[in-house]
Each structure stands twice: as C-alpha cells, then as structure tokens.
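Below are my notes on the model, as numbered points. Please read them beside the coordinates.

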Amino acid sequence: MSFFSRSPWILHYDGSSCNGCDIEVLACLTPLYDVERFGVLNTGNPKHADILLVTGSVNERNIEIVENLYRQMPDPKVVVAVGACACSGGIFARAYNIQGGIDKVIPVDVYVPGCAARPESIIDGVVQGIAALEAKRKKTA
Amino acid sequence: MPNPLKLPMIPRALRNLVSKPATRRYPFEIRPRFAGARGTIEFDVETCNYCMLCARRCPAAAITVSREERTWAIEQLTCIACGVCVDVCSKHSLSMSVNSRAVHLRSEVGPQGQRPGHEEWHKPAPAATDIPAVAGVPAPAASQGA
Amino acid sequence: MRRTTIPFGPQHPVLPEPLVLDLILEDEKVIDAIPTIGYIHRGLEMMVERVEYTEMGFVVERICGICSFMHGMGYCVSLESIMNVEVPERAGWLRLIWAEISRIQSHLLWLGLGADAFGFENLFMHCWRMREQILDIFEKTTGGRIIHSVNRIGGVKRDISDSELAAILVQLQELGEAFKTTARVFGTDPSIAHRLGGVGVLSMEDARAVDAVGPMARASGIATDTRLIGANFYDRIELEPVTETAGDCLARVVVRLREIDQSIDIVRQAIEKMPKGEGLPLENKPRGNPNGEVFTRLEQPRGEVLYYVKANGTKNLERFRARTPTFANIPAMIKLVKGCDLADVPNIILTIDPCISCTER
Ligand code: SF4
Ligand code: SF4
Ligand code: SF4
C-alpha cells in the first residue's frame, strides 16, 4: 500500500482515560487491523514521532506531561484525539479533576469520537492525521 | 506433535505460514456491523416534543434542548453511546444506528467556538391554530458541524 | 555504592498506562521503588454528587475498560441489595456469562501484553488475535466491544437467544482448543522459562502478609477466590480455584492460562443451568430512591474488588467507593521489585496485571 509518500511514526500517550481507548489503539496494531500496513509505527520516543495519539482527557497532573511530549516532538506534528474523553472530556467532563478535552492544552488536528472509539474509527483518524501532516509539511517546505 | 527441539512456536508458525492472513484490510474491506451495535445517535426532529427528558437523563450531558427556542442539539464528540436517551424518549425521536461516528477535523471548529461534532436541529413552532405538522412548515435541514 | 534514581513512566513503552515509579538503584539492583499516583485520577467517585444514581452505572463502568462489565455489574448489584430488587433469574445468569467472558478477554489481553514485555512479540499478536473473537461475541450480544452498557439496576438490558448462546459456547470451546497450542508455548518455551522462571518470587507467607488478591495470591498457593462466596449465581457453579505454588512470574502466567479454561467451563455450566426460553423477564425496575449502605465483593480478572455504596434517599448517592484489585496488589509489587535486577522490573510489574485506571479512578 503506497498511497502515502512517507511513514509517519506514532506516539501514544494515555491521559486520564479508562483504558478502553488505549486498548483499542493497541488493537489497531494487532493482526486484525494492523495499522503498520500504512507504514505507521508505534514508538515510545517523542523525538521520533510525527503523530501524537492521545486517549483520555487532561487532569491537573498530566497537563505538563502532555505539553512536554508535544513540545519534544519535531515539527511538523499532528495531534489525534481518540475517544470521547480526549475530544471533550466525555462522561468525565463533570468530574472535579478533569480539565476537559486535550484541545484545552495542545492544538488537536483530528477528533476521533466514540466511547470506546472503534479501531476502524481510529484507523480513519490516523489516515486523516497523515493527510494533515502532509498538508503541514507542504506549508513549511 | 513431538517437539524434540523444544521450540513450541514452530507448529503454530508453520500453520500461520499457509493459512490466510488474519488482517482485514480495513478501508478497502469493511465488515458490516453487527445488528444492535451501538454507534451514532440519530434524531428525528419531526416527532420530538422538546420534553427535555433525554437531556436530563444523559450521563454525559451531551444533549441540550431548549423548549423556548425549539432547538435540540447533541455533541457527537461527548456522547458515549450509552443508549439511555433512546430508552427514555417516549416519542421515539431518537435511534441508535450501528455506524460509528465520523471523524472530525480542526477545520470544522466554528467561528463562535462551536465545536466539531455539534449537531443542531431547529423546528419552528407550529401555527397558532395548534394543528400540528400539516401546516406545511418543512423543518430546515440539520446544520451539521459549524 | 552510588545510588541512582530512575523514573519509570508515566509514558513507558511496556505499559500503555501512566504508571509512575521512582526506582532507586544500587548498580543494577533495585533497592526501593516509590510509586507516584494521580496521572489518571479523574475524581470519578465524587461524580455521584452530580450524576443521578440511575446514570452512575455508566460512569462506574468506565472505571476501567478491561473489566468494564464487572464494574457495571458490581455497581448494579450494590444498588439492588440496597433497594431490595430481585434480579430475574435469566438476567443473573446472563451477567455471570458475560462476566466470565470478560475474564477470558482480560486474561488474553494480559497474556499478550506480558508476552510483549518479555520480548515475545509473536505471542502478543496471537493472543490479541484470539481476543478479537471474544470482542466480536461482546459486540454481537451487548452492542459494544469494550464498554458494554448492558447492566441496569435490576437486571440487564439485552437478552441473548438460546441458539446464540449455544453458538457462543461452541465458539468459546473452539477458541479454547486453538488456545492450547499458544498455552503450550507459554508453558514450555525455554526462553520464556528462562525469562520468567524464578523471577519475582512471592512466597505464600509474603502473599498473606501483603494481602495479595486474585491470580497474584493464587500463584503463591493461596486458594482464594471471591466467586466462592456464591453470590450472583456462582453458588450453582462447580468451581475450584486455580492455584500454583511456585509464586514466581511464570506461575502467575500459568494461573491465568488455566483460568481461561476454567472460565470457558463456567460458561458451559451456566448455559446448561440457566432457564431457557424467549421473552423471560430481564429487568425488575427499582422504585423510588435508594436508602442505606452496602458492601459488595466480586472477583474480577485481577482479583477481589470491593464496592461501598451509601445512599440517603435522594437521587444522588451520598458516597461511592471502589477498592480495586490492583490497589491491593501494589504492596506486593513493591515488595517484589525491591532487590530484583533493573531488567526484570517490567516483567514483575506486568505480572501483577496492573490496571492503573482502576487504581486511581
Ligand atoms: S472515551 Fe470512553 S472508552 Fe475511551 S477512555 Fe474515555 S471513557 Fe474510556
Ligand atoms: S447515547 Fe448516552 S451519552 Fe449519547 S446522547 Fe444518548 S444518553 Fe447521552
Ligand atoms: S428527543 Fe425525545 S426525550 Fe428528547 S426532547 Fe425530544 S421527545 Fe423529549
């Protein structure tokens, strides 16, 4: 499959999610869905990553971690918010420790709704993220 | 199978080599959803009587209903697809479709800070004669996104 | 000797969740581990003040996405006992079946993650491929892959037809057969035995002393299983807690391997014993508001979970607490990490099957 000219790498960070969306992100890497078909690789190092996949919302504690990871990623970079929690706070928006969606802290490019977001939606989101990345790259080049 | 080399993964690996791949090539090969899967909330503006029950019972507070302005709105990004609103609506205006929600982009953020995934319906009040719907006021199409 | 402090997490490749440990090392030996919490704390228990008790079930369900069904079930069981609602028999059995299927799901998930942590990526893929079949069963019967939302106070929302139950049983048994080859890899592969055997040994006395629960305790030879108290129809099931005696990482893997077979057998027994037929009652709707307090215990895939609910006759509960199994197992984990090699830390942490979102809620 070669309709993407590059192979973007993904960094996954779990904000205060319930695990549901993280597992679905991991499920995307497993044989049935296999996002590696798109040349996408899951990495643990922010300096290697092009796409930041965030699940779960931000709370008082992890705000700086999310900011940190985002800052360390090289430009151009894209943020994909996965799940209702990451998009807007979801069901936890009314919890006292939750600040809201990821877009309260860093600019989000793609919103993947659902609770839990299905692997198919996550793949759609990643594909949109790759498109956004290409667009940004053109702009900076 | 006797396995003198103590490499128990070998039979499995050989079997996998000849069987067909487990991967579903997603964007090109889409498996239909199971009937009864919980996907997206769909709304029928014609039948709703703005009783606000769905908004009160929604655990994620994703629905806002205004009886005065006769608007019904849902944040698709907040909805957790629990199905409570579908159960409580006595007018059966709400239904749960099996399709998962669409992915939204930042470009959809509206001018007034309207969030992507915000869907709003508005139905003008029926004519003062109180004869419903036949007055021939077609509901405006749902304004999607911003 | 010089001491080094190595932070572990919150973003660490071995675990998708933000577990934070400060490891204090002397050379390569870990001499202390200090857990820090709060990265995933949502303040979920306090949400009872803002969410009505009827909707709180959906919040509780989202304590954790791995044992989401059992959290929902525990909440509903608690409120049913406060409000004296009798659960229809078929609904009770359906809950039991779903609970056991989610145990299989959780163990497969964990075996995969564990395999990934000790460097056997192949096995990770195999386990997760099998897990997808379980998720299909869930999506077919409940409508959700991860979050099921079928528990209601007083029963369940959806029925599974008898023919579908029979098909599920066949599917599970086939899965059990296919899993045998994978299980044999875990049991006999020399590299796994080398990596996990004798690592992180928790003796029976220590397990008692630090109050380990679930597979962690059972791998050290303690035959504890909350299902044995017999609530929620478990009294009609024949079940023997799975125990191992070695107490090392390998024993914890083996306990979970054997529990998958056990759960398949429990589903079989339940399908045989439950009342058959279409249109049986599934839900007795509660009336009024709850008043009273209760403790509920359930056996989750990770061990015993405890819910405390206090209601005061209004729409909002007064207090809701959950003591989750990972919280109970963290002292055991700290104990094991002390004195081990740095390279073994990920394995030891993973074999307690940590669920941080449960722990911090
Ligand atoms: S969106 Fe739902 S499933 Fe995903 S992390 Fe939030 S509560 Fe969990
Ligand atoms: S499905 Fe649940 S979360 Fe979504 S709008 Fe309906 S009640 Fe709210
Ligand atoms: S959708 Fe149904 S419950 Fe919601 S306001 Fe309309 S009629 Fe009432």
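1. D353(C) sits in the loop that joins α11 (345-351) to α12 (356-360) of chain C; helices (H or I, at least four residues) and strands (E, at least two) are DSSP runs, numbered from the N terminus. Its phi is near 55°, a positive value in a residue other than glycine. D353(C) counts as buried because its relative accessibility is 2%, where buried means under 20% relative accessible area, exposed over 50% and partly exposed in between (1.4 Å probe, protein chains only).

2. This is a predicted model, in which local features need pLDDT of at least 70 and side-chain atom pairs count only at pLDDT 80 or more, while totals for chains, interfaces and linings use all residues; side-chain values use heavy atoms, with hydrogens and water left out. Residues are numbered from 1 along each chain as its sequence is written, chains are lettered from A, and ligands are numbered from 1 in the order in which they are written.

3. S149(C) also has a positive phi, of about 50°, although it is not a glycine. S149(C) is placed in the loop between α4 (121-142) and β4 of chain C. With a relative accessibility of 2%, S149(C) counts as buried.

4. Chain C holds 12 helices and 8 strands. Its radius of gyration is 21 Å, which agrees with the value near 21 Å for a compact globule of 361 residues; the radius is taken over C-alpha atoms, and the globule rule is 2.2 Å times the number of residues to the power 0.38. Along the principal axes, the C-alpha atoms of chain C fill a box of roughly 70 × 45 × 35 Å. Of the 361 residues in chain C, 63% are buried.

5. The largest pocket has a volume of about 570 Å³. Its lining has 25 residues, and the closest to its centre are R57(B), T54(C), E55(C), R152(C) and K285(C). On a 1 Å grid over the protein atoms alone, a pocket is an open set of points with protein on both sides within 12 Å along at least five of seven lines, a cavity is a set where a 1.4 Å probe fits but cannot get out, and lining residues have an atom within 4 Å of a point. Grid points are joined across faces, edges and corners, and a volume is the space filled by probe spheres set on the points.

6. α1(C) gives the most to the lining of the largest pocket, with 6 residues. By class, this lining has 9 nonpolar, 5 polar and 11 charged residues; Ala, Val, Leu, Ile, Met, Phe, Trp, Tyr, Cys and Pro count as nonpolar, Asp, Glu, Lys and Arg as charged, and the others, Gly among them, as polar.

7. The whole structure has 10 cavities of 30 Å³ or more. The largest cavity has a volume of about 180 Å³. Among its 19 lining residues, C115(A), A116(A), R118(A), R38(B) and G144(C) lie nearest the centre.

8. The residues around ligand 2 include C58(B), C79(B), C82(B) and C85(B), counting those with a heavy atom within 4 Å of the molecule. This shell has 10 nonpolar, 1 polar and no charged residues. For ligand 3, the shell has 9 nonpolar, 2 polar and 1 charged residues; among them are C48(B), C51(B), C54(B), C89(B) and K91(B).
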